[in-house]
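Good morning, and thank you for the time.

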Amino acid sequence: MTLTDLTDAPVRLSVSGLAKSYDTKRGAVPVIADLTFDVRVAEIACIVGPSGIGKTTLLKCLTGLQSITSGSARIDGTLIDGPPEEMALVFQEYTRSLMPWLTVEKNVRLPLRHLRLPAAEREERISSALEAVGLTGAESKYPWQLSGGMQQRVAIARAIAYRPEVLVMDEPFASVDAQTRFELEDLCLRIRAQFGMTIVIVTHDIDEAVYLSDRVIVLGERPARVTRIIDIDFGGPRDQLTTRARPEFAELRTEIFELIRKAG
Ligand SMILES: Nc1ncnc2c1ncn2[C@@H]1O[C@H](COP(=O)(O)OP(=O)(O)OP(=O)(O)O)[C@@H](O)[C@H]1O
């Protein structure tokens with residue numbers, strides 16, 4: 001499969017009629033009413049919507065950290081009813097997700113302890129993950145010796161060393177400066193190309209969603225429903241300057257902005 005024919009790729013993540021209520025002292029509070037969408041193998045899907053609509057709640061349901069009230073989420077056809085082995089999660093708060101007392105290399109090594117890998121493969125995964133994120137040579141540094149962007153690269157390296165089928169990211173670039181954000185977005189595109197991972201990202205940044213996505217899933221209404229699913233095809237490799245300068249880019253941005261504004 002090439003990255004130009006993703007529409008023919010099999011469905012990896014399938015969400016069907018997913019609803020979620022939180023049990024509170026005042027009773028069950030519905031947050032998500034009804035979400036249905038698919039994400040195919042090696043696609044990048046961004047989830048956008050107004051603040052408080054339930055984006056993080058959706059990611060928690062997909063990663064098995066929260067139970068689903070009704071409906072279902074499946075990965076390769078298997079029902080998600082706990083944290084799936086095939087998934088890895090990257091949070092916005094890299095400072096809280098990395099272990100400050102462990103070196104970069106040991107942070108990346110951590111989740112591999114649970115996989116019974118031959119030693120050579122384990123070492124290869126660690127070094128290729130660090131290489132993929134441009135951190136070769138920083139193995140013995142501690143997270144607190146690195147910039148925010150580099151720390152988020154470590155968190156991403158840790159996720160990709162695990163080689164998940166689906167990489168889930170919750171506002172992963174919200175805490176870094178604009179230049180680093182562009183670099184990390186391009187890193188995402190490279191990871192998808194190199195490892196064929198399916199990537200699901202929650203973002204508040206509409207431009208980021210348009211730049212990265214094969215499909216943008218717009219949430220609206222309260223409790224949340226899918227307002228629209230927008231397929232994005234720029235017909236070739238993406239580039240921060242030329243892709244963002246295209247007229248279709250501006251049209252898509254405006255369309256999504258309007259949808260979110262109406263939904264908010
Ligand atoms: N554990 C919980 N118990 C009860 N209500 C919760 C819980 N977690 C989240 N909520 C509520 O669910 C709603 C959706 O929250 P969520 O964080 O999923 O939205 P979001 O779209 O990710 O928000 P933002 O864009 O601001 O990050 C909010 O009203 C929130 O207060």
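Before the first contact, one convention is needed: angles under 35 degrees count as roughly parallel. Please also keep in mind that this is a predicted model.

Let me begin with helix 5, residues 148-161, and helix 6, residues 178-195. Their axes come within 11 Å and cross at roughly 15 degrees. Helix 5 and helix 6 are therefore roughly parallel to each other. The crossing of helix 5 past helix 6 is right-handed. Which residues meet in this contact of helix 5 with helix 6? On the helix 5 side they are Gly 149, Gln 152, Ile 156 and Ile 160. Facing them from helix 6 are Thr 180, Glu 183, Leu 184, Leu 187, Ile 191 and Phe 195. By class, the contact of helix 5 with helix 6 holds six nonpolar residues, three polar ones and one that is charged.

Helix 5 also packs against helix 4, which covers residues 119-132. Here the angle is about 140 degrees, and the axes are 8 Å apart. Helix 4 is therefore oblique to helix 5. This crossing, of helix 4 past helix 5, is right-handed. Helix 4 brings Arg 125, Ile 126, Ala 129, Leu 130 and Ala 132, which meet Ala 157, Ile 160 and Ala 161 of helix 5. In the contact of helix 4 with helix 5, seven residues are nonpolar, none is polar and one is charged.

I turn now to the domains. The domain assignment of the protein chain gives domain 1 as 6-86 + 166-263, and domain 2 as 94-163. Taken over C-alpha atoms, the centres of domain 1 and domain 2 are separated by 25 Å. Across the boundary, 12 residues of domain 1 are in contact with nine residues of domain 2. Which element gives the most to the side of domain 1 that touches domain 2? Helix 6 does, with eight residues. That side of domain 1 has seven nonpolar, three polar and two charged residues.

Next, the ligand. The residues around the ligand are Tyr 22, Thr 24, Val 29, Val 31, Gly 49, Ser 51, Gly 52, Ile 53, Gly 54, Lys 55, Thr 56 and Thr 57. Strand 1 (11-24), strand 2 (27-40) and helix 1 (55-62) are the elements that give two or more residues to this shell. Helix 1 supplies the largest share, three residues. Sorted by class, the shell around the ligand has four nonpolar residues, seven polar and one charged.

Finally, the backbone. Most residues other than glycine have a negative phi, and most peptide bonds are trans. The peptide bond from Arg 222 to Pro 223 is cis, with omega near 0 degrees. Pro 223 lies in the loop that runs between strand 9 (215-220) and strand 10 (224-231). Glu 171 is found in the loop between strand 7 (166-170) and helix 6.

That concludes the tour, and I welcome your questions.

Technical notes:
Residues are numbered from 1 along each chain as its sequence is written. This is a predicted model: local features need pLDDT of at least 70, side-chain atom pairs count only at pLDDT 80 or more; totals for chains, interfaces and linings use all residues. Axes are lines fitted to C-alpha atoms, for helices over the stretch in contact, and angles run from 0 to 180 degrees between N-to-C directions. Helices (H or I, at least four residues) and strands (E, at least two) are DSSP runs, numbered from the N terminus. Angles under 35 degrees count as roughly parallel, over 145 as roughly antiparallel, 65 to 115 as roughly perpendicular and the rest as oblique. A crossing is left-handed if the near helix is turned anticlockwise from the far one by less than a right angle, and right-handed if clockwise. Two residues are in contact if their C-beta atoms, placed from the backbone, lie within 7 Å. Ala, Val, Leu, Ile, Met, Phe, Trp, Tyr, Cys and Pro count as nonpolar, Asp, Glu, Lys and Arg as charged, and the others, Gly among them, as polar. Domain bounds come from an automatic or database domain assignment. A residue is near a molecule or strand if its C-beta atom, placed from the backbone, lies within 6 Å of it.
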